[in-house]
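Good morning, and thank you for the time. I would ask everyone to look at the structure on the screen while I speak.

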Amino acid sequence: MRQNDNFSPGRRRLLLGAGALTLAGTASWLRPSSADGGHGPYFQGLDDTLRQHGPYQPRLIIDRQRLLANIDLLSQQLAGQFNYRIVTKSLPSLPLLKLVMARTGTRRLMVFHQPFLNQVASALPEADVLLGKPMPVKAARQFYHDLPAASPGGFEPAHQLQWLIDSPERLAQYDQLAAELGLQLRINIEIDVGLHRGGIRAPAELVPMLNHIEQSPRLSFAGFMGYEPHIVKAPGSVTWRRDQAMARYQGFVDQAEQTLGRSIRNLTLNTGGSTTYTLYRDQHERFAANEIAAGSALVKPTDFDLPTLADHQPAAYIATPVLKVVEPPEIPGIPGLGRLMGWWNPNRHKAVFIYGGDWKAVAESPAGLSPNPIYGRSTNQEMLNGSAALALQPDDWVFLRPSQSERVFLAFDGIDSYDGNDRRSHEHWPVLG
């Protein structure tokens, strides 16, 4: 038997109306707020500059003043306490590398790709190179095949190149290559200080490898590489995780010195990365590592928006022209959905189609731009949605910020370098190919 709710029809209408108002208020609170849709002074200045320089096509932009400020900040953080090695995959341009080398006073580079290694050896004969990952021995063979004949003042691999080795098997392959080609090879051993992506995991595993190197007339031991940028994203205190990684590193150094019967503190004892380099200031007396590698911190893509890099500035952007503006957006096959999406999210009120797209990047300016989740991505002319206040017109510029540098930089035919204080000062820097 249904119970009487004791509510009159008028009271029920009043309660239903109040509930509808509550739902409407909740929906309003959940809806995104509208962005103003215009460039701020910094990006408006870039927009004005790009209208005067070069082709109307997607371009990779570096702000030289921000870049130099980041370089100087890195130098101040390291404070001469650690050697600095430039990570070339994050800064894949010879003019860019030359600028960083000159500004920091280092000739140490970390290289991750065999064709890039050959270009560095040819263009930067003064470089001291450490491989950033173990290369298949056939890639090493190709490097020597492509290397020009030795010339006075040219790159000398026997003294300037350290091959990264991660296992006894790879060490034996490189020893055989050296024997076949009549080479002297410097060997740096990859050690696992906590990332667990390869390398020697326990100090005891070093003993047969070091003995192999010592007994070979073709090999020499050059040091260790212990990569540890994972520590900023793993659970727990960052400094505690750093100390744990360096304790593991110390164990490998102790084992090497015991096995070899000599100090190895003058060799390359590499660690660090852009996300962690700031954790080592004033720690040089505590830790065995004597060299820090970093690259992305100098241009600061979005993946590096971390507390350890809070003082660094973004210095790299993608700039691309607007091709057309459509209001409201239209989703093929679903009439009215674009208008409905714009009602719910005021930043989907307009559609802006840009030249190119689907980069590893996020829209930076004007504010509020984002890809349409239903329409999908495009590398040809991507749709970005924006608010009703969006002032963009065809031939205006949209700016995106890369999430990383290595892959994104190589997607362009070069880097357009501008001086943030005088944007008439423009240089074009080719990327490594």
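I shall begin with the overall arrangement and then turn to individual strands, residues and backbone features.

Please keep in mind that this is a predicted model. The protein holds twelve helices and 17 strands. Of its 433 residues, 51% are buried. Among contacts with a separation of 6 or more, 72% are between residues 24 or more positions apart.

Eight strands close into it in the order 2-3-4-5-6-7-8-9, and their pairing is parallel. On average, neighbouring strands of this sheet are turned by 30° against each other, direction ignored.

Let us take strand 6 as an example. Strand 6 pairs with strand 5 in the parallel sense, over four bridges, and Ile 165 stands opposite Ile 189 of strand 6. How many of the residues in strand 6 are buried? The count is six of six. In general, side chains in a regular strand alternate between the two faces of the sheet. In strand 6, Leu 185, Ile 187 and Ile 189 point one way, while Arg 186, Asn 188 and Glu 190 point the other way, and all are buried.

Helix 9, residues 206-215, lies across strand 5, strand 6 and strand 7, and runs at about 145° to strand 7. Helix 5, residues 114-123, has Gln 114, Phe 116, Leu 117, Asn 118, Val 120 and Ala 121 as buried residues. The cover over these buried residues of helix 5 includes strand 3, strand 4, helix 6, strand 5 and helix 12.

I now move to strand 8 and strand 9, which run parallel and are joined by two bridges. Thr 271 stands opposite Ile 292 in strand 9. Glu 291 also lies in strand 9. Is Glu 291 buried or exposed? Its relative accessible area is 0%, so Glu 291 is buried. The side chain of Glu 291 makes a polar contact of 2.6 Å with the side chain of Arg 85. Beyond its neighbours within four places in sequence, Glu 291 is in contact with several residues, including Phe 82, Asn 83, Arg 108, Leu 130 and Asn 270.

The loop between strand 8 and strand 9 contains Ser 274. Ser 274 counts as buried because its relative accessibility is 8%, and the cut-off for buried is under 20%. Although Ser 274 and Gly 295 are 21 residues apart along the chain, their C-alpha atoms are separated by 6.1 Å. Which backbone atoms does the side chain of Ser 274 reach? One is the backbone nitrogen of Gly 295, at 3.1 Å. Another is the backbone nitrogen of Ala 297, at 2.8 Å. Residues that Ser 274 touches, setting aside those up to four places away in sequence, also include Ala 293, Phe 304 and Leu 309.

Next, the empty space inside the model. Rolling a probe the size of a water molecule over the atoms shows where such space is left. The structure holds two cavities of 30 Å³ or more, and the largest cavity contains about 50 Å³ of space. Among the residues that line the largest cavity are Glu 190, Asp 192, His 196, Arg 197, Met 225 and Tyr 227.

His 196 brings me to the backbone. His 196, in the loop between strand 6 and helix 9, has a positive phi near 60°. With 48% relative accessibility, His 196 counts as partly exposed. Lys 300, in the loop between strand 9 and strand 10, also has a positive phi, near 50°. Lys 300 counts as buried, at 7% relative accessibility.

Where are the cis peptide bonds that I wish to show? One runs from Glu 327 to Pro 328, with omega near -5°, and Pro 328 is placed in the loop between strand 10 and helix 11. Another joins Ser 365 and Pro 366, with omega about 0°; Pro 366 is found in the loop between strand 12 and strand 13.

To close, I would return to the barrel of eight strands with parallel pairing, and to Glu 291, buried in strand 9. Thank you for your attention.

Definitions and conventions
Residues numbered from 1 in each chain as written. Predicted model: local features only at pLDDT ≥ 70, side-chain atom pairs only at ≥ 80, totals over all residues. Heavy atoms only, no water. Buried < 20%, exposed > 50% of the residue type's maximum accessible area, 1.4 Å probe, protein only. Contact = heavy atoms within 4.5 Å. Polar contact = N/O pair within 3.5 Å; in protein donor to acceptor, adjacent residues only side chain to side chain. Pairing = 2+ DSSP bridges. Axes fitted to C-alpha atoms, helices over the stretch in contact; angles between N-to-C directions. 1 Å grid on protein atoms, 1.4 Å probe; cavity = no way out; pocket = protein on both sides within 12 Å on 5 of 7 lines; lining within 4 Å. Points joined across faces, edges and corners; volume = space filled by probe spheres on them.
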